[in-house]
Amino acid sequence: MPSEYIMYMSVLLVGTLAIAGISATLIAIDGTMEDKAIETNLENILQKISEIIHDLRYQGSLQIEMGATSFAIDVVLTLPDNIHNQEYIIEIEDRNSSYYITATLTDDSTFSISIKLFIDSSQILLSGSIQSSSSVPRVVFNYDGSTSQIQLVE
C-alpha cells in the first residue's frame, strides 16, 4: 500500500512539473509574440511614412524644376493612437550623413525600430517628430527659394 501511494504521488508530481513547464513556455512565447507584433506594426507605420516622405520629395523637386520660388506641400497622416495599448513617438534622425526614421515606445525607450530613408543629408533637410497621440500629424515639404526641407509636424 505505501508503495502505491509513493507511486501515485510521483506521478502527480511529474504531471504538475510538466504542466508548470508547459505554462512557463507558453507565457514566454506569448511575450515574444507580442513584441514581434508591436515591432511589425511600428515597421509598417514607418514604411508608410517613408513612402510619403519620398513622394513629397519627388513632388517638391518637380515644383522646383518647373520654376516655383516658394511653396509648401503637406500630407495629413492617419496613424493609430497606440499599438497594443502603448503610445509611441516617431522621429527623424541624421546618422552619418544619412537619414533614418525611428519609432520608439514612450513607456519603453529601449524598444525602438529604425528604417533608413536612403536620403543624403546634403540633398535636403529632414527633421521633426510626431507623437502617436497628436491630433493632426503631418509631413510638410517647404521650399523658400534656396533650401528644401521636410518636417514631421504635430
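Two remarks on conventions before the structure. The model is predicted, so local features need pLDDT of at least 70 and side-chain atom pairs count only at pLDDT 80 or more, while totals for chains, interfaces and linings use all residues. Residues are numbered from 1 along each chain as its sequence is written, and side-chain values use heavy atoms, with hydrogens and water left out.

I begin with the sheet. Seven strands form an open sheet with mixed pairing, in the order S1-S6-S7-S5-S2-S3-S4. At the edges are strand S1, residues 71–76, and strand S4, residues 112–120, each pairing on one side only. From one strand to the next the twist averages 15 degrees. For the terms: helices (H or I, at least four residues) and strands (E, at least two) are DSSP runs, numbered from the N terminus. Two strands pair if DSSP finds at least two bridges between them. The angles run from 0 to 180 degrees between N-to-C directions, with axes as lines fitted to C-alpha atoms, for helices over the stretch in contact.

One pairing in detail. Strand S6, residues 138–143, and strand S7, residues 148–153, are antiparallel over 6 bridges. Which residue in S7 is the bridge partner of Phe 141? That partner is Ile 150.

Next, Thr 69. Thr 69 sits in the loop between helix H1, residues 2–65, and S1. Is Thr 69 buried or exposed? Thr 69 counts as exposed because its relative accessible area is 58%. The classes are buried under 20% relative accessible area, exposed over 50%, and partly exposed in between, with a 1.4 Å probe and protein chains only. Leaving aside residues up to four places away in sequence, Thr 69 touches Tyr 143, Asp 144 and Gly 145. Contact here means heavy atoms within 4.5 Å. Thr 69 and Tyr 143 are 74 residues apart in sequence, and their C-alpha atoms are 7.5 Å apart in space.

Now Ser 98, in strand S3, residues 98–105. Ser 98 is buried because its relative accessible area is 10%. Apart from residues up to four places away in sequence, Ser 98 touches Glu 93, Lys 116, Ile 119 and Ser 121. Ser 98 and Asp 144 are 46 residues apart along the chain, with 23 Å between their C-alpha atoms.

Side chains of opposite charge can pair when their charged atoms come close. The rule used here asks for a side-chain nitrogen of Lys or Arg within 4 Å of a carboxyl oxygen of Asp or Glu. How many salt bridges does this rule give? The count is 2.

Arg 138 is partly exposed at 25% relative accessible area, and Asp 74 is partly exposed at 39%.

Another salt bridge joins the side chains of Glu 93 and Arg 95, at 2.8 Å from N to O. Glu 93 is partly exposed at 25%, as is Arg 95 at 34%.

Two backbone angles deserve a mention. His 84, not a glycine, has a positive phi of about 50 degrees. His 84 lies in the loop between S1 and strand S2, residues 88–95, and is partly exposed at 38%. Asn 96 has a positive phi near 50 degrees, again in a residue other than glycine. Asn 96 is in the loop between S2 and S3, and is exposed at 79%.

Last, helix H1. Glu 34 is in this helix and is partly exposed at 35% relative accessible area. Glu 34 and Ser 109 are 75 residues apart along the chain, with 16 Å between C-alpha atoms. Leu 12 is also found in helix H1 and is partly exposed at 42%.

Which residues make the nonpolar surface patch of about 550 Å²? They are Tyr 5, Ile 6, Tyr 8, Met 9 and Leu 12. Patch residues have over 30% relative accessible area and no salt bridge; like charges are joined within 9 Å, and nonpolar side chains (Val, Leu, Ile, Met, Phe, Trp, Tyr) within 5 Å. Accessible areas come from the Shrake-Rupley method with a 1.4 Å probe, and for residues only the protein chains shown count as cover.
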